[in-house]
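Please examine the model shown below.

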Amino acid sequence: MEKKIFIFLGLLGMSFILLAITVALPSGAGFDALKLLVLLVAVLADVLAFASRYYAYLMIPMFRQKKRFIILNDQTPYWLSSSADSVLQKEGEDFIATVYINVPLYRSATEMSDEEKINFTQQVSRLVGLSRDPARFTSELYVMNKDSYIQKLRDTINQVENEEAKATQGGASQSEIERVRGKLAMWRKMLDNVSKATSLELASFAAVSARGSKEFEAVTLAQQKARELMSGIGTTFGVTPSIVVGDEILKFIEPEYLIPFSTVSEQISKNVQEQVI
Amino acid sequence: MDQEGIMYLVFALLMPLISISVLPAFGGGIFTYIALFIILVGVALILMINWVDFMLFSLVSNLLNISFQPAAGYKLVKGQDAILKEVNGLYYATGFVTGNLFAYTFKEEVGEETEDPMKLAGAPEKWERAIIGLGFPFKYHVVSAGLDVQKVRDDLEGKRSYKEYQLSRAYVNAANEVTITDLQRRISVIQAKIDRISQGEKPIATLMYVETTAIGISEKAALDSLTSQIKALQVSLSALDVDLIRVVGRELYTLFKFNFSLPTSVEELSSSFDQQG
């Protein structure tokens, strides 16, 4: 039996026992007030019993920890399978493996005729009806990762700054110093332009999960489901979907991969500078 | 409401019913009235939890200033309307909005004769126009699962028989034209669904939601930015004629967990969502 059923029955039982106590208490001036108090606790236990259906996951830690910051789970929410093609999570005694499928759809409505548009919506309708087991189809708009490019620009700027310092201190000719300064201005302008606005990318992907009593069992089942889904997607849209592996999976899970750090921190610092100015 | 929900409600309401039957034990007078008041407040709370639990529990955590840790590295804020993650001193706030697009854009819940092909043709363009102006990351998720064809067909045939019975009664009682037309329309809608299943279309259960992530140099900045992003999404996607309600409470927690693992059965999927959107 599920844990939440025990909580429900326990609280409901407590509520009935308290009600019985209320009725059994003798009548009298002091006892009537006590009866009301016991009834109040009984009603509260009954309300909590009902709430436990949805909120058992919050109620138990709340009563146990009695703090303002309640830890529902102190484990990392997932880990990557050894084959690096699935995300694993432990739930009770079972393992749940989730596989992410990249769907390479690069068609725009602007280049479709009316008939193609109708066909496309019908293909999408077919897509969501592909799997008998729950599957998730996602269209994701995310910030393009310019981290490595920005880093490269910063390195170049540092290098040219050194060059400029050497030229100034080493008594290089004025034209040489001007040339280096011009180069520096160019790279700075380039960094400015790159980080001025965020560039966004659109990706489509599907995800499917499977449960197993062992890690490898869950992964194998999820991979099998993913392959079935991939063949359906391929037939429907005429594209070749692929299973996402390694760090690429994080793009669909972790928020910091939606908004890459350097790309955004550069923009934030620029916004702050603009506000200060 | 599913069967489990009904069972919980019935058992939870049993206690107030019994309490009312033992009201004379409170000695009459003011004590009886106070006891009745306590019982009625309990009933009201149970009914509120049944229909608007997400409002009630987020209100409680907001008032008591309680926040949660759903997994290591994540924080569920006190209003239970966003999940925060801190990476390299930057805060990523993630929020969810319901968005049941399917019924409108891809196949309306109406009979074949009223299905407008131009509406279908306009869907991809509307979608592109809606997202083109959004300069922040978001994900549009469609979780779908195939239903038991025979069970859905039996249910629909049952509904059609009932409507046909109502229609025959309407004819016998010489009901007005509006009632008859309405019943005929309902029958044709059900018949259209049965025909689709007969033609090989699979009945599916779908859940659609939008997830967006905002970034900030402090928790407050990230949360404020998230709120403005959600408002922008609501304005932008409203062109698709969908209900865009910000998800709070337990359903937000469930959607957060969906990023790492999906439900593996239709029952698991449907038991998590029955309130918002």
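Of the 277 residues in chain B, 35% are buried, a residue being buried if 20 or more other C-beta atoms, placed from the backbone, lie within 10 Å of its own. This is a predicted model, in which local features need pLDDT of at least 70 and side-chain atom pairs count only at pLDDT 80 or more, while totals for chains, interfaces and linings use all residues. Residues are numbered from 1 along each chain as its sequence is written, and chains are lettered from A and ligands numbered from 1 in the order in which they are written.

Chain B contains 9 helices and 6 strands; helices (H or I, at least four residues) and strands (E, at least two) are DSSP runs, numbered from the N terminus. Among the contacts in chain B with a separation of 6 or more, 69% involve residues 24 or more positions apart, where two residues are in contact if their C-beta atoms, placed from the backbone, lie within 7 Å.

Domain bounds come from an automatic or database domain assignment. Chain B is divided into domain 1 (1-66) and domain 2 (149-198), and the centres of these two domains of chain B, taken over C-alpha atoms, are separated by 39 Å. In chain A the division is into domain 1 (3-65), domain 2 (79-144 + 199-276) and domain 3 (147-196). Between the centres of domain 1 of chain A and domain 2 of chain A, again over C-alpha atoms, there are 46 Å.

Two packed helices are described by the angle between their axes and the distance between the axes. Here axes are lines fitted to C-alpha atoms, for helices over the stretch in contact, and angles run from 0 to 180 degrees between N-to-C directions. In chain B, the axes of helix H1 (residues 3-21) and helix H2 (residues 30-63) come within 10 Å and cross at roughly 170°. H1(B) and H2(B) are therefore roughly antiparallel to each other, the term for angles over 145 degrees. On the H1(B) side, the contact includes B:Leu9, B:Leu13 and B:Pro16, and on the H2(B) side it includes B:Ile39, B:Val43 and B:Ile46. Its residues comprise 8 nonpolar, 3 polar and no charged; Ala, Val, Leu, Ile, Met, Phe, Trp, Tyr, Cys and Pro count as nonpolar, Asp, Glu, Lys and Arg as charged, and the others, Gly among them, as polar.

The next topic is how the chains meet. In chain B, 73 residues are in contact with 77 residues of chain A. H2(B) gives the most to this side of chain B, with 11 residues, and the side as a whole divides into 47 nonpolar, 18 polar and 8 charged residues.

Helix H1 (residues 3-24) of chain A and H1(B) have axes that come within 10 Å and cross at roughly 10°. H1(A) and H1(B) are therefore roughly parallel to each other, as angles under 35 degrees count. Among the residues that meet are A:Phe8 and A:Phe16 in H1(A) and B:Tyr8 and B:Phe11 in H1(B).

Strands also link the chains: strand S5 (residues 135-143) of chain A and strand S5 (residues 138-146) of chain B run antiparallel and are joined by 7 bridges, pairing requiring at least two bridges found by DSSP. A:Leu141 stands opposite B:Phe138. Within chain B, 9 bridges join S5(B) to the antiparallel strand S6 (residues 204-216), with B:Val142 opposite B:Met208. S5(B) is mostly covered, 8 of its 9 residues being buried.

Key: Parallel < 35°, antiparallel > 145°, perpendicular 65-115°, else oblique. Buried ≥ 20, exposed ≤ 12 C-beta atoms within 10 Å, placed from the backbone.
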